[in-house]
Amino acid sequence: MTNPTQTIQEQLGSHISVTLDHPIKNGMGETVSVIKMRRARVGDMRAVGSLKNEVEQELGLFARLTGLVPEDLDLLDWQDYQKLQRSFRQLSEQKDQDGE
């Protein structure tokens with residue numbers, strides 16, 4: 001269930017919710033069935049730029065954008081991970097409200 005703030009953020013395009021077809025249990029033992037991803041910032045890109053390869057960079061970036069840890073992302077079904085990748089592209093390509 002999303003709260004009003006999350007709904008507004010999604011409408012503004014600053015966040016997106018990804019519903020998992022195959023929920024996971026995170027490191028805290030909680031079931032994760034929906035992952036909320038926010039738009040990336042320059043600081044996020046800088047933070048992962050020094051990681052050793054593109055796969056690690058993407059996992060690090062997605063961890064920052066979702067609040068999960070890379071070990072949680074490792075548990076995702078491949079199709080769910082691909083949904084996360086598509087959502088990231090969607091957020092990245094989205095224009096601001098004023099069209100810029």
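**Aromatic pairs.** I searched the whole structure, a predicted model, for aromatic pairs and found 3; rings of Phe, Tyr and Trp (its six-membered ring) pair if their centres lie within 6.5 Å, and planes under 30 degrees apart count as stacked, over 60 as edge-to-face and the rest as tilted. I take helices (H or I, at least four residues) and strands (E, at least two) as DSSP runs, numbered from the N terminus.

I then looked up accessibility, where buried means under 20% relative accessible area, exposed over 50%, and partly exposed in between (1.4 Å probe, protein chains only). Phe62 is buried at a relative accessible area of 1%, and Phe88 is also buried, at 18%. I next noted Trp78 and Tyr81, which count as stacked because their ring centres are 5.6 Å apart and their planes stand at 25°. Both residues lie in helix α5, 3 residues apart, which is about one turn of the helix; Trp78 is exposed with a relative accessible area of 54%, whereas Tyr81 is buried with 7%. Taken together, ring pairs link Phe62, Trp78, Tyr81 and Phe88 into a cluster.

**The chain as a whole.** I counted 5 helices and 2 strands, and from the N terminus on I read the order of elements as α-β-β-α-α-α-α. Of the 100 residues in the chain, 31% count as buried. For contacts (heavy atoms within 4.5 Å) between residues at least 6 apart in sequence, I noted that 49% join residues at least 24 apart. The accessible surface of the chain, from the Shrake-Rupley method with a 1.4 Å probe (for residues, only the protein chains shown count as cover), comes to about 6,800 Å², of which 50% belongs to carbon and sulfur atoms.

**Met45.** I placed Met45 in helix α2 (residues 42-48), where Met45 counts as partly exposed at 43% relative accessibility. Its C-alpha atom is separated by 9.8 Å from that of Arg64, 19 residues apart along the chain.

**Basis of the entries.** I number residues from 1 along each chain as its sequence is written, and my side-chain values use heavy atoms, with hydrogens and water left out. In this predicted model, local features need pLDDT of at least 70 and side-chain atom pairs count only at pLDDT 80 or more, while totals for chains, interfaces and linings use all residues.
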